[in-house]
Amino acid sequence: MGRETRRLTIVGHLEELRKRLIICLITFAITTAGSFIFVDKLREIIIRPAGEIQLIFITPPEALMADLRLAVMFGLALALPVLVCQLLAFVLPGFETGEKKLIVPAVIAVVFFFSLGVLFAYFIIFPFSVRFFLTFASDALLPMFTISNYLSFAVNFIFAFGIVFQMPLLFYLLGHLNIINAKILRRYRKYALLIILILATFLTPPDVFSQLMMGIPLYGLYELGILLVAASQRKKKV
């Protein structure tokens, strides 16, 4: 009887997972299709930080494939709230009440810091970076960006900031679990700086300027993480 009950429970979980995956896929398909309808407007949003530039395409399918990638990217971003809600609805019943109180704020914090990183890059760092690269243009050297190369550069650059902006949250969590402490983080600042420079090398295009534009804010986030770790540990002592 116990084995039959467990089997029914597993079947029930799999059925619930299937339903939630279907909801996620339908939502993603709708948001992606809607994004493709307005892909011209979305392209303008991505190009706007670069100012007055003219994008070209050099192969017949390049423009179409670039529009599809752009629609998928925005479709995923628009569907993200539904995807997160479905994930939480599936996993939360398996946690205790105290764990639920921790998971929900953590997810909200992840979304907040990711959005903050993306907005910071889009409105501040990315326009500055593009203008810097355009200064190398001259009468003999015209800037001509293909749509696929520009989108790859812009998306990778902007979303990389969304990822690295998770550092303070990660530090706070590790400090709360007593895995790290502020004293150790302060002691190993120089090693952290080296690691940050290596990460900036992998997360940005292969040029020193983009790496500095990533590394400087990342080091600032490291210092913010130290403050959050110290705050979390003081809170536990009270």
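**Stop 1: a linked trio**

Select Asp40 to begin: this residue is partly exposed, at a relative accessible area of 47%. (Buried means under 20% relative accessible area, exposed means over 50%, and partly exposed is in between, with a 1.4 Å probe and protein chains only.) What you have open is a predicted model, in which local features need pLDDT of at least 70 and side-chain atom pairs count only at pLDDT 80 or more, while totals for chains, interfaces and linings use all residues. Numbering runs from 1 along each chain as its sequence is written, and side-chain values use heavy atoms, leaving out hydrogens and water.

Asp40 makes a salt bridge with Arg43, and the closest N and O atoms are 3.1 Å apart. (The cut-off: a side-chain nitrogen of Lys or Arg within 4 Å of a carboxyl oxygen of Asp or Glu.) Both residues sit in helix 2 (residues 39-47), 3 residues apart, or about one turn of the helix. (Helices are DSSP runs of H or I with at least four residues, strands are runs of E with at least two, and the numbering goes from the N terminus.)

Keep Arg43 and bring in Asp67. Those two side chains form a salt bridge as well, at 3.0 Å from N to O. Asp67 belongs to helix 3 (residues 62-91) and Arg43 to helix 2, so this pair ties together parts that are 24 residues apart in sequence. Is Asp67 buried or exposed? Asp67 is buried, with a relative accessible area of 13%. Show Asp40, Arg43 and Asp67 together and you are looking at a network of salt bridges.

**Stop 2: Gln86 and its partners**

Stay in helix 3 and select Gln86. Gln86 is buried, at 15% relative accessible area. Which residues does Gln86 touch, once those up to four places away in sequence are set aside? Pick Arg20, Ile23 and Cys24. Contact here means heavy atoms within 4.5 Å.

Zoom in on Gln86 and Arg20: they are 66 residues apart in sequence, yet their C-alpha atoms are 6.1 Å apart in space. Their side chains are joined by a polar contact of 2.9 Å. (That takes a pair of N or O atoms within 3.5 Å; within protein, one must be able to donate a hydrogen and the other to accept it, and residues adjacent in sequence count only if both atoms are side-chain atoms.)

**Stop 3: two pockets**

Next, select Phe74, Ala77, Phe114, Val118 and Phe159. Of the 17 residues that line the largest pocket, these lie nearest its centre. Its volume is about 490 Å³. (A pocket is an open set of points on a 1 Å grid over the protein atoms alone, where a 1.4 Å probe fits, with protein on both sides within 12 Å along at least five of seven lines; lining residues have an atom within 4 Å of a point.) Colour by helix: helix 2, helix 3, helix 4 (97-134) and helix 5 (147-164) each supply at least two lining residues, with helix 4 giving the most, 6 residues. Colour by class, and the lining divides into 16 nonpolar, 1 polar and no charged residues.

The second largest pocket has a volume of about 310 Å³. Pick Leu102, Ala106, Leu169, Tyr172 and Leu173, the closest to its centre among the 13 residues that line this pocket. Helix 4 and helix 6 each supply at least two residues of that lining, and helix 4 gives the most, with 7.

While helix 6 (residues 167-176) is on screen, highlight its buried residues: Met167, Pro168, Leu169, Phe171 and Gly175.

**Stop 4: helix 8 to helix 9**

Select Glu223 and Arg189, whose side chains meet in a salt bridge of 2.8 Å, N to O. Glu223 is in helix 9 (residues 208-237) and Arg189 in helix 8 (residues 189-203), so to speak distant parts of the chain, 34 residues apart. Glu223 is partly exposed at 21% relative accessible area, and Arg189 is also partly exposed, at 29%.

**Zoom out**

How many salt bridges does a search of the whole structure find? There are 5. Switch to cartoon and you have 9 helices and 2 strands. Of the chain's 238 residues, 35% count as buried.

Conventions. Grid points are joined across faces, edges and corners, and a volume is the space filled by probe spheres set on the points. Ala, Val, Leu, Ile, Met, Phe, Trp, Tyr, Cys and Pro count as nonpolar, Asp, Glu, Lys and Arg as charged, and the others, Gly among them, as polar.
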